[in-house]
Amino acid sequence: MQARRFSARALWGLASWALPLAVVFLITPQLLHALGPERFGVLMIILVTPLIAAQLDFGIASSSVRRLAAALVVGRVDVGRTLTTLAAALGLIGLALGTAVWLAASSISAGLGFDKVLGTLPGIDLVHACAVWIALSVATLLPGIVARASQALVWITAVQTMSTVLLWLGALLIVRADRSLTDIVALGVGLGVVFAIVTALAMRRRVDWSGPLRFDYQLLAANRSFSVGMFGSQIASTLVYQGDRILILAVGSPAIAGAYALCVNVANKTLAAVVAMTSFVFPHAAALYVNGGHAEIEELSHALNRAVTIVVVPLLVPGWVLAEPFLALWLGKFSTIELTTAFRVLWLAFAIPAFAVPIGNILAASGHSALAARFSWLTALVVLGSIVLLVPRYGLIGAAIAMLLGMSTSFLFRLAAQRTLRLHAAQGFRRFWLGVGCGVFAQAALLVSSDGIAGWPGLLLVGGGAWAIFYLVRVIFGLLSPEEKQLLKRLAAIQERARKL
C-alpha cells in the first residue's frame, strides 16, 4: 500500500513538470530568434523574479507548511489566528521587498545592463514592474502554502501547469506583437494574483472560518530557529539557482547570461523532475514525524532513493551523447561547439543534486534546518566564487564548470543528512544497482552503434530507444525496484480489465 501511494503522488508531481517542459521547449527558440541574444538574456533574468521573491519570505512558508500539515492531520486550519498572522507577515515582507527594489530601480537597471540593452527609461520601468511582481508574489504565497500542507497534489499540478503555459505562451505573443518586456511582467503579475485567488477558493474547506481575526507574533516566534535555518538555505539556493545568471550577466554579458540560461532551462530538467516528483514528501514526512513514524520515514527514504535513480540515470548517457544533434536541431544557427560543451557539463551538474533532494525534504520535515543551511551556503560560495573567477576568462564554459563544482557538494550533504536522521542502508540495494549498471551498459552500446542522426525523427528514435532499453534490460533480468514492480502489476490489472470489457 505504501508503494502504491508513493507511486501515485510521484506521478502527479511528474505531471506538473511534463507539460510546462514541452511548452518551454517549443517556445524558447522562437523567443531567442525574435529577441536576439541580448534581449533574450534580459528576459531570462526577469522571468526568475517570482522564483527569487518566493525564497525571500524569511522561512515562513517552509515553517508554515510543516505546522499546517501537522494540524490538518487532526482537523482544519483556523483563519482567526494562524492564517491571519501568516497573511499579514507575508504581506508586510512583500511590501518591504517591492519598495526596496522600486527605490533602487535605476541602480539595478544600470548594474544588470538593462539600460544598455533597452535604454535608460525602459530599463527603469522594467525594474519597477519587477518590484511589483516581487511584492505580490510574496504577499500571495499563503493559498499555495495551505495547498502544499494539504497535499492537494492534483490541484497544485493544475495550477503550476496552467501558470507556466500561459506565461510562456503570452510572452511569445507579446514579443511577436512588438510590445515591451514590461508587458510580460504585467502578465506574470496578473496570472499570479488570479491563481492565488482561485487556489484560496479551492482550499476553503480546509479552513475553519470561525473566530475573531488577530495577529499573533508568538506564532511566528515559536518556530524561529527552524525558520531562520530554512531562510538561510533558501537565500543560498536563490543565489545558486537564480542569482547565478544575474552574476554571470554582471561579470560577463547579457548574451552569455542568456546562453547560460538557455542551457540551464533544459539541463536542469532532471533536477526539476525530481523536485516535482518528490513535492509531496515535505508535508507527508512532517505528518509522519508528528506520529513518531521513524520506520515509515526510513521506508519512504529508501523508496525515494530508488525512484530518483530510475528517473535520472537513464537520462544521463543519452543526454550527453545526443547533445550536439539536439542543440543543432533546436537552435539552428545559435548552436555552437561552446554551447554544446556547456550544455553537457550542466547536464551532469544538475543531475548530481537530484539524489540529495529526497533526503533534504525529509531532513526539513524533521525540524533540522541548520545542516541544510550550512551546506547550501557552501554550495553558494563555491558556485558564485567560481563564476567570478572563471566567467571573465572562459565565458559560458566557465559558468558551466562553476555550477558543476558547486553541485558536487550535494554528495557530502546527503551523507551528513543520513547520519543526522539515523537512516540505515536499504537491503538488496546491491542487486538494484547491478540492474542500473546493466541498463546503462545497454544504453551505451545502442548509442555507440547508432549512425549519424538526421532530423527530429531520427533523434527521437535513438533517444527514445536508449531510454527504453534501460528499463527493458532490467525487466528481462528481473532487476526492477519494488515500486516498478508495483506499477507493472497495476498496468497489468488495467489491461486485464480492458480486455474483459
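**Ground rules**

I count two rings of Phe, Tyr or Trp (its six-membered ring) as a pair if their centres lie within 6.5 Å; planes under 30 degrees apart are stacked, over 60 edge-to-face, and the rest tilted. What I have open is a predicted model, where local features need pLDDT of at least 70, side-chain atom pairs count only at pLDDT 80 or more, and totals for chains, interfaces and linings use all residues. I number residues from 1 along each chain as its sequence is written, and side-chain values use heavy atoms, with hydrogens and water left out.

**Rings**

I searched the whole structure and got 9 aromatic pairs. I looked up Y241 with F350: the ring centres are 6.4 Å apart and the planes sit at 35°, so I logged this pair as tilted. Y241 belongs to helix α12 (residues 224-241) and F350 to helix α19 (residues 337-351), so the pair ties together parts 109 residues apart in sequence. My helices (H or I, at least four residues) and strands (E, at least two) are DSSP runs, numbered from the N terminus.

Next I checked cover, with a 1.4 Å probe and protein chains only: buried is under 20% relative accessible area, exposed is over 50%, and partly exposed is in between. F350 is buried at 2%, while Y241 comes out partly exposed at 27%.

I also followed ring pairs through a cluster made up of F326, W330, F343, W347 and W456.

**The chain overall**

I counted 25 helices and 2 strands in the protein chain. The radius of gyration is 23 Å, close to the 23 Å that the globule rule gives for 501 residues, so the chain is as compact as a globular protein of that length. For the record, that radius is taken over C-alpha atoms, and the rule is 2.2 Å times the number of residues to the power 0.38. The C-alpha trace spans about 65 × 60 × 50 Å along its principal axes.

Of the 501 residues, 50% count as buried. I then looked at contacts (heavy atoms within 4.5 Å). Among those with a separation of 6 or more, 85% come from residues 24 or more positions apart.

**Helix α8 and what follows**

I went through α8 (residues 142-149) and found 6 of its 8 residues buried, so this helix is largely enclosed by the rest of the structure. The buried ones are L142, P143, I145, V146, A147 and A149. Just past the end of α8, Q151 has a positive phi of about 55°.

F58 has a positive phi of about 60° without being a glycine. F58 is in the loop between α2 (49-54) and α3 (60-74), and is partly exposed at 45% relative accessible area.

R422, also not a glycine, has a positive phi near 60°. R422 sits in the loop between α22 (410-421) and α23 (429-449). At 66% relative accessible area, R422 is exposed.

**S301**

Where is S301 found? I located S301 in helix α17 (residues 294-321). Is S301 buried or exposed? S301 is buried, with a relative accessible area of 4%. Leaving out residues up to four places away in sequence, I see S301 touching I359, I362 and L423.
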